[in-house]
Amino acid sequence: MKKTGMILAAGLVAGLAGSANAFVPWSNPNGAGSFFTWSNGGSDNGFFGSPTLVGGDSFVFFPSNFRAEASNGGTGTKSDRLSFTLDANAGFEFSQITIREVGDYGNTGGGRVIANMGMFVTDLNTFRVASDNATYDNSVAGFGNWTAQTSVSNLENQPPKWTKIQVVLNNNLIAIAGPNGVAFIEKKVTGGIIITVPTPGSLALMGMGGLVALRRRR
């Protein structure tokens, strides 16, 4: 069987994401899901918080104070770097990791809001690295919701099997206010699910709407 698919949420501007004072472990930095174990979980600044394990194989984060804001021509940034190790149980492998984040924003007076996300997946057995990044960039005035997603896939076609990996998610939010305006961008949900896939056609990913609904029930 294959162990495949992780959805999480994050962002990247390399020059900002390294501004850590100390690594902040999750309240549950080590543990076990249905198909893997995890260890060394935490983030540089603690803005992601600690994950909730859902259904035995899903991580969901509800970030706290992960918000950048600015006014009157200023610029505000908020950054964090999430890191953890996943070790697949015997008979499983990792084949796809997809990162998604959801939040809201506001922009008045000619400003701009940006969310940068970057993912680095290291095979700890061979030290290969797979990576991807994505950017949400909006200079249209108004208020609304935003999403961003990045993914590495087809790892099963890159032997040997990816069975022990380190996942690093660099995440930056940037708010640039117009001369007489205000701007903010905030991360609301960082969620993930890992799915066992007997055949490629059976892949089914949980939508972010389900993650938001989970938050409302908490």
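The questions and answers below go through a predicted model of one protein chain.

Residues are numbered from 1 along each chain as its sequence is written, and side-chain values use heavy atoms, with hydrogens and water left out. Because this is a predicted model, local features need pLDDT of at least 70 and side-chain atom pairs count only at pLDDT 80 or more, whereas totals for chains, interfaces and linings use all residues.

Q: How many helices and strands does the protein chain have?
A: Helices (H or I, at least four residues) and strands (E, at least two) are taken as DSSP runs, numbered from the N terminus. Counted in this way, the secondary structure of the protein chain comes to 2 helices and 15 strands.

Q: In which strand is confidence highest, and what is its mean there?
A: Confidence is given as pLDDT, the predictor's value for each residue from 0 to 100, and the protein chain averages 81, with 78% of the residues at 70 or above. The mean is lowest, at 40, in strand β15 (residues 194–196), and highest in strand β7 (residues 67–71), at 98.

Q: What share of the contacts between residues at least 6 apart in sequence joins residues at least 24 apart?
A: A contact here means heavy atoms within 4.5 Å. Among such contacts in the protein chain between residues at least 6 apart in sequence, the share that joins residues at least 24 apart is 75%.

Q: Is Asn 172 buried or exposed, and what is its relative accessible area?
A: The classes are buried (under 20% relative accessible area), exposed (over 50%) and partly exposed in between, with a 1.4 Å probe and protein chains only. Asn 172 lies in strand β13 (residues 164–176), and its side chain is joined to that of Ser 79 by a polar contact of 2.2 Å, that is, a pair of N or O atoms within 3.5 Å in which, within protein, one must be able to donate a hydrogen and the other to accept it, while residues adjacent in sequence count only if both atoms are side-chain atoms. Asn 172 counts as buried because its relative accessible area is 0%.

Q: Which residue meets Asp 137 in a salt bridge?
A: A salt bridge is a side-chain nitrogen of Lys or Arg within 4 Å of a carboxyl oxygen of Asp or Glu, and the structure holds 8 of them. In one of these, the N to O distance is 2.5 Å between Asp 137 and Arg 112, a pair that links distant parts of the chain, 25 residues apart, from strand β11 (residues 129–138) to strand β10 (residues 112–123).
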